[in-house]
Amino acid sequence: MTTRIFGSGIKRREDPRLITGRATYSDDIRLPGMLHMVVVRSELAHARLVKVDTSRAAALPGVVAVFTGHDVAMNTPCAWLIPDSGLKVPPHPVLATDRVRYVGDGIAIVLAETRYLAEDAAGAIHVEYEELPAVVNPEEATRDGAPQLFDDVPHNIAFRWIMNPNPEGLKQAFDSADLVIKERIVQQRLLPTAMEPRACAAQWNAGTQELTIWVTSQNPHIHRFILSGMTGVPEHKLRIIAPEVGGGFGSKIPVYPDEALAGWAAMQLNRPVRWSETRSENYITTIHGRDHVEYVEMALKNDGTVLALKGTVYAGMGAYISTAGPGIPTILHGLMYSGAYNIAHVYCESIGALTNTTPTDAYRGAGRPEATFLVERLMEKAANALNMDPVAFRRKNLLPKFENHTVATGLIYDSGDYEPALQKALAAVDYDSFRREQAAAREQGRYLGIGVTTYTEICGLGPSQVAGAIGFQGGLWESAIIRVSPAGKVQALMGISPHGQGEETTFAQLISEELGFPVEDIEIVHGDTNMTPMGWGTYGSRTTPVAGAALVKAARKMKEKAKAMAAHLLEAAVEDIDYDDGKFFVKGSPDKFKSIQEITLMATLAWSLPPGMDPGMEESQFYDPPNFVYPFGTHIAIVEVDPQTGQVTLKRYVAVDDCGPQINPLIVSGQIHGGIVQGVAQALFEGVVYDDHGQLLTGSMMDYTLPRADMFPTFELDHTVTPSPHHPIGIKGVGETGTIASTPTVYNAVMDALRPFNLDDIPMPLTPARVWAAIHGHSNGH
Amino acid sequence: MEITGSYLFHGDQQSVWNILMNPDAIASAIPGVKELVPLENEAHAWRAEAKIGFSAISGTYGGFIHMSEINAPTSYRLDVKGEGQQSLINGHAVMTLLFLPDTHQTQVTWVAEAAISGKIARIGQRVIKAAASFLSRKFFNGLAQQLNPAAVLEDDSAPDGPIP
């Protein structure tokens with residue numbers, strides 16, 4: 001009997017230790033003689049540092065050292081240097097020396113015997129500031145007369161990236177349009193809020209000259225690459241360990257000053273150092289997401305044909321350019337302006353503006369949620385303007401079934417069959433009868449609305465050659481080593497490092513599927529640069545599509561070896577060997593088999609090997625994808641808005657996603673659930689608020705609304721299966737689809753409910769106060 | 001952030017003015033004040049240290065108070081600069097006195113503008129107005145006690161201790 005381990009929704013093997021307090025996170029690392037580091041941070045958004053008086057702090061008992069920016073000269077680099085954009089990356093010192101540029105900018109570090117002593121000493125450091133005017137809005141930052149963050153970055157413009165593949169065609173499309181829809185969209189700033197805040201521990205071995213840093217990282221090998229440059233410790237002497245990492249959503253991609261400082265201080269003092277941020281520190285120093293002000297336009301024919309789409313984006317970069325910051329509102333944003341549609345002409349101008357705020361970088365979806373939102377919002381408004389049903393309007397422009405289709409942005413979508421997913425989703429909500437129900441409800445003064453999004457997105461990042469062409473300062477391949485012990489127990493050493501995505505389960509399923517080892521005999525080893533081969537990290541929904549492919553390649557190579565060994569043991573020809581569920585046998589004689597464990601033992605003992613075969617059972621493979629992958633689907637939300645209170649109730653949420661064949665449907669559902677929650681939260685609940693002086697007003701969980709389970713109905717999930725033609729097992733990424741699709745789905749549903757009021761767009765999040773104010777004709781603070 | 005408020009004293013305008021100008025009276029009325037020391041080289045200016053019990057921002061705060069635009073017995077301006085608990089507070093207030101002959105009361109009205117930075121801005125903004133009004137009522141009740149213990153007009157039933 002064949003066990004179909006591929007496609008089976010087994011429970012996540014890692015969860016028991018993660019949810020019973022038996023997992024080791026960075027903050028759990030304890031070493032003898034360990035010092036506690038606290039960072040003194042700027043209280044002002046923009047100021048000259050007149051004086052930093054550390055004398056009182058340094059004299060306190062238990063304080064071992066106090067350092068300022070004058071003691072340490074390290075800069076935090078940017079690793080995504082977008083070409084042809086005039087990109088300027090101003091220096092980002094790990095501690096400021098003369099000027100601070102956002103609330104949270106590091107000024108000094110204190111190292112003390114306990115955390116309490118370190119915190120008290122940090123409070124005893126007196127900083128004298130000369131306050132400077134601040135700017136927080138990315139559009140305002142580029143205007144004449146705006147406060148300047150850096151003398152050599154005029155108008156605070158760090159880059160200006162233009163995607164204009166066909167200027168003539170674009171102009172013609174707008175000139176010949178019957179209708180142009182215009183909108184100003186504000187993609188509000190969001191706080192990634194991983195459950196585990198950032199933390200690190202550092203240990204210097206003066207004897208071997210080796211530095212070990214445990215850090216909350218989504219990409220330990222990138223951390224090693226960058227931290228080696230910052231600390232001067234060569235890569236072969238620098239070990240990065242990302243133990244358990246409790247979520248990241250992009251916020252643990254960047255290399256921050258804090259881990260570099262901890263490593264540096266451990267070397268200076270020859271004592272282990274630990275640091276962990278508090279939640280309110282997390283909110284001011286860990287990267288934020290989104291923060292766009294967008295001017296978008298869509299050109300249309302009266303028959304509902306979309307001719308072109310144009311967007312000018314002011315993207316807030318924060319006070320310094322974060323590790324991957326410039327890639328988010330450019331490559332990962334503009335290139336998705338075609339969406340799932342046949343739009344012949346597209347244009348994107350993205351202006352990266354420095355502001356006196358926390359730096360921004362990738363937050364779940366990273367550029368693609370913003371693109372999908374503006375495409376879907378314009379589609380909805382266009383349908384309304386043309387008095388067409390929004391579904392019929394989308395259908396008219398949706399790409400027909402394809403393989404390897406080149407869209408206007410120049411991307412080659414790998415595969416898509418959008419109609420079946422749309423049909424499934426429409427059937428689930430019974431779209432036509434909902435419209436009747438909606439009309440009847442309006443008669444009774446009840447406001448129901450429906451939002452339909454047909455999306456696709458780019459993920460599975462990506463071909464390394466493309467990475468080089470778009471200025472990404474790394475490769476985007478992955479690697480895997482499968483190592484089997486004499487008794488047939490498996491370790492898979494992965495360059496990738498998941499942080500909550502469940503790959504200890506799905507990767508084990510892949511190995512089990514290919515080689516027949518039981519899942520419980522397989523250990524997935526990741527997160528330690530000294531134990532694993534090189535890999536580029538978990539982001540862009542790439543872990544399973546890219547690293548999973550490397551793993552499958554290694555497993556298949558191992559299977560070939562096992563087959564040759566089986567032929568040797570069974571005294572048969574390799575061509576005559578068949579395989580089923582971990583057993584190798586001569587075709588037609590399945591009872592006389594050699595198990596994968598027996599084969600492994602004999603190959604490892606190596607008493608008798610076929611000519612030319614190396615001993616042992618270990619294979620290593622690399623995988624550099626030939627293209628990205630493009631999952632897609634249809635999401636539908638049904639909402640009700642109470643006009644008396646402005647309260648939005650999400651009544652139903654249907655998601656039909658296509659990520660190709662699913663290794664583990666339970667884990668796929670989990671990814672989609674979490675993604676939907678985060679995307680809906682942007683539409684309805686979340687939003688960073690700064691005051692005009694650059695003070696973060698949403699600095700705690702009491703002030704910043706996070707989604708909770710009781711704000712949601714049970715999601716109704718379904719799927720279609722369209723394999724990626726270029727991928728070894730046809731799979732596509734699914735980590736971000738929920739976030740990408742759900743924000744416009746819910747937003748459009750609310751605006752659909754409010755159509756009788758004939759309102760202008762309401763800025764997100766659609767809080768009761770804003771919705772009520774819009775309905776009752778008050779200014780909505782846009 | 002603008003904070004406004006008013007307080008009714010039982011008494012004539014000059015007595016109320018006198019007590020508002022009396023540093024010792026003020027020092028004993030400011031909730032949590034540990035020290036109010038006149039600056040040597042500047043008139044109407046003090047160095048202050050206060051301990052505030054106020055949920056996540058409890059702690060000791062140090063700062064300077066400076067009085068100007070004194071227009072006895074009608075109005076004056078107060079400038080306050082404080083720091084502590086990874087926060088900066090910069091503010092000024094204009095205090096105005098008005099005698100109400102019918103009831104023989106003096107009304108003190110203040111219009112204050114405060115710029116708050118750092119930790120208090122992040123986690124205290126939500127409660128700052130309520131806290132300011134609570135603390136100022138305690139302050140004026142303290143002064144009124146000294147002025148005329150038998151005739152404190154405003155209710156002081158709010159509980160002592162940290163504001164949740």
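Predicted model: local features only at pLDDT ≥ 70, side-chain atom pairs only at ≥ 80, totals over all residues.
Local features are reported at pLDDT of at least 70 and side-chain atom pairs at pLDDT 80 or more, whereas totals for chains, interfaces and linings use all residues, and side-chain values rest on heavy atoms, with hydrogens and water left out. Residues are numbered from 1 along each chain as its sequence is written, and chains are lettered from A in the order in which they are written.

The domain assignment, which is automatic or taken from a database, divides chain A into domain 1 (18-132 + 195-247 + 252-285), domain 2 (292-461 + 627-775) and domain 3 (477-623). The centres of domain 1 and domain 2 of chain A, taken over C-alpha atoms, are separated by 36 Å, and the contact (heavy atoms within 4.5 Å) takes 30 residues from domain 1 of chain A and 29 residues from domain 2 of chain A. The size of an interface is often given as the accessible area lost when the parts come together. With buried area taken as the accessible area (1.4 Å probe) that two parts lose on being put together, summed over both, domain 1 and domain 2 of chain A bury about 2,300 Å² between them, 67% of it on carbon and sulfur atoms. Of the area that domain 1 of chain A buries against domain 2 of chain A, 29% is supplied by W80(A), Y102(A) and Y283(A), which is more than any other three residues supply.

A search of the whole structure for cavities, each a set of points on a 1 Å grid over the protein atoms alone where a 1.4 Å probe fits but cannot get out, finds 7 of 30 Å³ or more, a volume being the space filled by probe spheres set on the points, which are joined across faces, edges and corners. The largest cavity holds about 1,200 Å³ of space and is lined by 44 residues (those with an atom within 4 Å of a point), with I30(B), I52(B), V80(B), I89(B) and L135(B) nearest its centre. Among helices (DSSP runs of H or I, at least four residues) and strands (E, at least two), α3(B) gives the most to this lining, with 8 residues. With Ala, Val, Leu, Ile, Met, Phe, Trp, Tyr, Cys and Pro counted as nonpolar, Asp, Glu, Lys and Arg as charged, and the others, Gly among them, as polar, the lining of the largest cavity has 34 nonpolar, 6 polar and 4 charged residues.

The second largest cavity has a volume of about 200 Å³, and of its 23 lining residues the closest to its centre are H92(A), Y102(A), Y256(A), P257(A) and P359(A). Because domain 1 and domain 2 of chain A both give residues to the lining of the second largest cavity, it lies between them.

Between the chains, 12 residues of chain B are in contact with 15 residues of chain A, and the two chains bury about 1,200 Å² between them, 51% of it on carbon and sulfur atoms. K252(A) forms a salt bridge with E196(A), their closest N and O atoms being 2.9 Å apart. K252(A) lies in the loop between β11 (238-241) and α7 of chain A and E196(A) in the loop between β8 (179-187) and β9 (199-205) of chain A, so the pair ties together parts that are 56 residues apart in sequence.

Definitions and conventions. 1 Å grid on protein atoms, 1.4 Å probe; cavity = no way out; pocket = protein on both sides within 12 Å on 5 of 7 lines; lining within 4 Å. Salt bridge = Lys/Arg side-chain N within 4 Å of Asp/Glu carboxyl O.
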